[in-house]
Amino acid sequence: ATDAVGNLFVPGDEVVFKVSVEAAKPLPLSQQVVQYSVRDYWGAEQMQPGEITLEKSQSGGKGFVYSGRIGVSNGALAIGKYSELHVAIPQEGAEPVREYSGFAVLPPAAAKRYPPEQVPFTIRNWDSRIGAYFDLSDRIGLRLMGVWGGWSAKAPYKPHCPGIDRCATYDAKWITGTPAASIERNGFSEYSEEALRQGMTNFLKAYADKGLAMIAMGNEPHGTGDKVLENVRAYRAIYESVKAFEPAIHVIGTSVEPNEEYFKAGYYNYLDSYDFHIYEHYTNVRRTMGEYRALMRKYGAVKPIHSTELGLNSQGQTRFAVAVEMIKKFTVFFAEGGATVSWFTIQYPDPQGKARGQFGDSHCVFDCKYNLYNPRLDAITYYSMINGICDKR
């Protein structure tokens, strides 16, 4: 662990790691030695390897705990470059116990110097109510943060919007989802049309002046025929309520593929821009945006295109492959005229340290093991893309 948010140090910081070792029984002296090395992504050592001796710090509910500190020479670190600290504790008659942590020295995000609306990157998360999600997003320069806003399904349709105080702390703005996603999943079984209309109005009365940037209507609807018509009915109820409250509020349509059924149903009348999600090859980004433009022209509904989720099904991929795909997808998206884009995603808590390498964890640009958030190579790439582009105008 370190004291730096996401193990992203600012130039001039002292780079120090705190090491904590938990044991079921007292460790012999030979196992109180931690060998360490600092390497780049490819495994090349960046400084002379060293070792520290741990000190017993506590016992009790966690068994026996030993701790120490590892200092990394600032002269060995290039600003902006991804590095890893690798540690090993020798074991008699067995392989050493090993662990590693990513880190980097990065200047404060240049994007922080720009108003949120001018930086064309957004973010949403597995759970957009978690404090670390906002902290890590801000550190890499994200200025438009997704939140889980909504309202209750029953009168008086009480609104809620957790996380907007964290956005205000970072001078960021936020993009909220809506219960249109509930209609997409379950139809009108929970939310009535009245609940959508009055709830949206209640929500805007409570929160519209507290940093709202945009509203993202739904999330990956499925189904055809009557299901499409049912969804569009929900979009209309919400969109008309938003525009009745304040016409200037921007509404991003649901994240559906370029599906002509939605255009035939007139869903483009109830959005200010389109949205799509893609986790496959980067060429599919260009293909999808081309298909959207063709449908826009056909139906006379030309509007901007966002992507609130670009990503890669990363399980089993190297982080280098993920980072390269991120660069390609962002480049193609903006080359095709895209408005704002989000990479999915930042993090999800892993307090037991069991998720590393699993499907969900592999989407996260930060390693979440034991909730000691540290960057993967693609987190540094994300920072570089955001702060290299900044205001893309």
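1. The model is predicted: local features need pLDDT of at least 70, side-chain atom pairs count only at pLDDT 80 or more, and totals for chains, interfaces and linings use all residues. Residues are numbered from 1 along each chain as its sequence is written, and side-chain values use heavy atoms, with hydrogens and water left out.

2. Five strands form an open sheet in the order β1-β8-β7-β3-β4, with mixed pairing. Its edge strands, each pairing on one side only, are β1 (8-9) and β4 (50-53). Strands are DSSP runs of E with at least two residues, numbered from the N terminus, and two strands pair if DSSP finds at least two bridges between them.

3. Strands β7 (residues 83-91) and β8 (residues 94-105) run antiparallel and are joined by eight bridges. Q91 has A94 of β8 as its bridge partner.

4. Helix α1 (residues 131-140) is largely enclosed by the rest of the structure, because eight of its 10 residues are buried (under 20% relative accessible area, 1.4 Å probe, protein chains only). Helices are DSSP runs of H or I with at least four residues. Among the buried residues of α1 are Y133, F134 and L136. The buried residues pack against several elements, including β1, β10 (144-147) and α10 (377-389) (contact means heavy atoms within 4.5 Å). After α1 comes G141, with a positive phi near 105 degrees.

5. Y348 lies in the loop between β18 (341-343) and α9 (359-362). Y348 is partly exposed, with a relative accessible area of 44% (partly exposed lies between the buried limit and exposed, over 50%).
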